[in-house]
Amino acid sequence: MQDRAEQDLIARAKAGDRLAYESLLASVVRPATRLAFAILEDRSEAEDAFQEAALRAWRRIQNLRREKPFQPWFMGIIGNQCREIRRGHWWHVLRLPEHFSRLPIDEDEWLEGEDLRLAVKQLPEDQRLAIVMHFQLDMPLSDVALALGISVPGLKTRINRALKRLRPALAVSDARTSHG
Amino acid sequence: MAEAKLRRNLNAVFDPGEDFPPTTLLMRTFAMLDVEPKPVRRGTRPLALVALVGFFLVAAFGLLELHVWNSQRSIPERQTPRTSGSLGSWAFGGIDMVSPTVGWNSSGVSFTRTTDGGSHWSDVAPPGLGNSFQAYYLDATHAWITRYLGSNLITLRTANGGMTWQQGTPVFAAHPSGGSPRIYFVDQMHGWLLLLAASGSNAAAYADVLYQTSDAGAHWQLAATNPAPRDWSPGKDTYCYQWCSVSFASASTGWLMGCCWSNQPDLRLLVSHDGGVTWKPQAAPRVSAKLSCPCSAEGPFAFDDRHAMVLIRSRNPYPALAGPSTLLVTSDAGDVWSIRSLPGEAQMIVGFYDSNHGWAIAGSKALFDSLLALEKPGGALPLYRTDDGGITWVQVRTNLVPLSDYLHVEALGFLDERTGFAIRSSIGPTEQLLRTTDGGRNWTVVGTQP
């Protein structure tokens with residue numbers, strides 16, 4: 001969506017124009033629901049999260065700062081919604097050791113399949129959101145930072161920490177041994 | 001390059017399928033927004049008319065003359081039907097006090113009930129309810145829940161305050177693309193379900209379908225499909241319900257109201273005198289062009305078999321930006337609707353508990369602008385009261401003042417001339433339930449929901 005056109009829609013939505021708001025929602029429904037699915041791993045709950053976020057965003061549309069894009073702001077809301085749903089599940093976030101490999105790692109080597117799913121699931125919530133938004137949904141770092149309410153350097157740090165946990169387990173295990 | 005591989009891996013692992021999100025998700029979401037709870041469903045009950053014009057400031061506290069409420073005074077429990085609400089995201093969002101002590105609270109993810117005036121809430125949800133449902137309350141013990149299960153709409157009912165639930169016959173909805181259904185019970189036995197049922201992915205194939213029950217929801221029968229004359233249907237918005245509400249004044253007489261407008265208000269009412277089987281258009285006055293649209297209509301709120309109200313208001317929830325609201329009243333079951341003015345240049349909320357007695361927070365846009373200043377909240381909110389159905393309004397001195405932590409009043413409703421409840425919230429999700437026992441002059445916090 002063109003920036004100017006989007007800002008026009010945002011202004012109209014702030015003035016109470018539901019159709020303008022619906023246009024904004026339509027532009028983010030795919031990335032937002034895919035983010036929710038990546039976090040919740042349940043299609044039905046991802047849809048619920050989107051609907052709930054849509055209601056919240058409508059109620060708080062006045063909080064969207066002037067000239068700020070809609071998508072990062074909405075992604076932040078749906079990220080929070082997913083957190084709340086996960087908290088409701090009493091899911092445990094298992095933290096991996098804070099020791100990371102300093103050994104040379106094949107930069108093209110990433111976890112795959114179920115290993116990757118489990119590793120992402122075990123990431124701290126903020127790192128998980130950052131990884132999904134930036135890598136899976138292809139959002140630029142600046143937008144992800146806006147969505148998560150942190151600086152770009154802070155986001156990079158968060159992503160780097162997460163990436164180290166998405167390498168094959170052997171490397172992490174070796175690193176722990178070598179630095180332990 | 002390495003990132004590209006990670007991206008591929010992530011997409012392979014967290015792939016919800018190409019058909020996700022379903023094409024109906026947006027439609028369902030828009031339908032939810034249509035009946036967005038802030039304006040419609042906050043009825044502290046038996047409040048028969050609750051129009052909440054969204055976010056605004058309130059705060060209670062401050063010392064005004066204290067009117068001690070005689071706790072021995074008998075306040076009959078109300079059983080006034082109202083329009084059904086929609087899902088809410090906040091725990092207090094769906095609160096409905098049906099007596100000074102008993103209330104229901106449906107947030108869409110939880111379902112609770114209080115018997116001590118709102119201080120404590122107990123979970124009364126039926127097992128396996130999930131987190132996407134709608135609730136309707138008739139009185140202290142009778143409530144209904146609807147939720148989609150596959151292609152069917154399931155209704156659950158309780159007659160004992162949520163201790164036990166019974167499921168009614170499923171209603172086929174083609175698929176759950178109809179958004180939030182409207183449910184309405186005029187008494188413990190007679191109810192109606194209004195659905196937007198689809199026969200395919202083409203929105204043009206959607207139909208408004210009305211079901212009726214006369215055994216408390218144990219069985220539902222199809223009453224009408226696309227009830228309006230072909231050339232008279234309201235609303236051109238694909239994603240909007242043609243008929244946004246169903247309400248009945250008795251087991252036989254009721255209304256469907258069209259409120260899907262883009263710009264100019266175009267009130268459309270259908271009336272039925274045979275329990276919802278046949279419908280005919282009912283004349284409604286053209287409301288003033290000074291309304292600040294996009295607008296929406298709420299109601300009709302039937303107080304008895306003759307008296308009802310409709311509120312037409314701006315969709316903008318901010319009083320400083322919204323225009324004036326308009327009240328339509330009838331005293332002959334809708335044969336003639338008359339326009340009533342509301343006090344002030346803009347109204348934040350309006351609530352009636354019968355056809356004569358109502359309250360409104362209303363004032364000039366400039367006043368609301370100053371009251372809503374986040375950094376420096378202003379003075380008391382302008383609260384008005386009418387005892388003659390909105391013909392005349394008098395201001396009530398109140399201690400409702402803006403607080404920076406709780407800026408918005410979400411709902412306002414009265415059980416009688418003295419006892420009322422209000423919900424106020426912060427910009428965040430925290431909400432407070434307030435109660436007055438002296439007609440709105442003094443408000444105290446009953447409970448806070450983090």
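Reader: Which residue in S25(B) is the bridge partner of Ile361(B)?

Author: The bridge partner of Ile361(B) in S25(B) is Leu383(B). This is a predicted model, in which local features need pLDDT of at least 70 and side-chain atom pairs count only at pLDDT 80 or more, while totals for chains, interfaces and linings use all residues. Residues are numbered from 1 along each chain as its sequence is written, chains are lettered from A and ligands numbered from 1 in the order in which they are written, and side-chain values use heavy atoms, with hydrogens and water left out.

Reader: How many bridges join S24(B) to strand S25 of chain B?

Author: Two strands pair if DSSP finds at least two bridges between them. Strands (E, at least two residues) and helices (H or I, at least four) are DSSP runs, numbered from the N terminus. Here 4 bridges join S24(B) to strand S25 (residues 383-386) of chain B, and the two run antiparallel. Strand S23 (residues 346-352) of chain B also pairs with S24(B) in the antiparallel sense, over 6 bridges. Ala346(B) stands opposite Gly363(B) in S24(B), and S23(B) and S24(B) form a hairpin with 5 residues between them.

Reader: Which residues point one way from S24(B), and which the other way?

Author: In a regular strand the side chains alternate between the two faces of the sheet. In S24(B), Gly358(B), Ala360(B) and Ala362(B) point one way, and Trp359(B), Ile361(B) and Gly363(B) the other way. Buried means under 20% relative accessible area, exposed over 50% and partly exposed in between, with a 1.4 Å probe and protein chains only. By that criterion 6 of the 6 residues of strand S24 (residues 358-363) of chain B are buried.

Reader: What is the strand order in the open sheet of 4 strands in chain B?

Author: The order is S15-S16-S17-S18 (chain B), with antiparallel pairing. Strand S15 (245-248) and strand S18 (280-282) of chain B stand at the edges with a single partner strand each, so one side of each is left without a neighbour in the sheet. Neighbouring strands of this sheet are turned by 30 degrees against each other on average, direction ignored; axes are lines fitted to C-alpha atoms, for helices over the stretch in contact, and angles run from 0 to 180 degrees between N-to-C directions. Within the sheet, strand S16 (residues 254-258) and strand S17 (residues 268-272) of chain B pair over 5 bridges, and Gly254(B) has Ser272(B) as its bridge partner in S17(B).

Reader: How many aromatic pairs does a search of the whole structure find?

Author: A pair of aromatic rings is described by the distance of the centres and the angle of the planes. Rings of Phe, Tyr and Trp (its six-membered ring) pair if their centres lie within 6.5 Å; planes under 30 degrees apart count as stacked, over 60 as edge-to-face and the rest as tilted. The search finds 22 aromatic pairs over all chains. In one of them, Phe37(A) and Phe20(B), the centres are 6.1 Å apart and the planes at 50 degrees, so the pair is tilted. Phe37(A) lies in helix H2 (residues 18-40) of chain A and Phe20(B) in the loop between helix H1 (2-13) and helix H2 (24-34) of chain B, so the pair joins two chains. Both residues are buried.

Reader: What values describe the pair of Phe185(B) and Trp220(B)?

Author: This pair is edge-to-face, at 6.0 Å centre to centre and 75 degrees between the planes. Phe185(B) lies in strand S11 (residues 182-185) of chain B and Trp220(B) in the loop between strand S13 (207-213) and strand S14 (221-225) of chain B, so the pair ties together parts that are 35 residues apart in sequence.

Reader: Which residues touch the most other members of the largest nonpolar core?

Author: A nonpolar core is a set of buried Ala, Val, Leu, Ile, Met, Phe, Trp, Tyr and Cys residues joined through side-chain atoms within 4.5 Å. Of the 67 residues in the largest one, Tyr21(A), Phe70(A), Phe74(A) and Ile78(A) touch the most other members. H2(A) gives the most to this core, with 13 residues. Apart from it lies another core, of 43 residues, including Tyr148(B) and Val246(B).

Reader: Where is the cis peptide bond that involves Pro300(B)?

Author: The bond from Gly299(B) to Pro300(B) is cis, with omega near -10 degrees. Pro300(B) is found in strand S19 (residues 295-302) of chain B.
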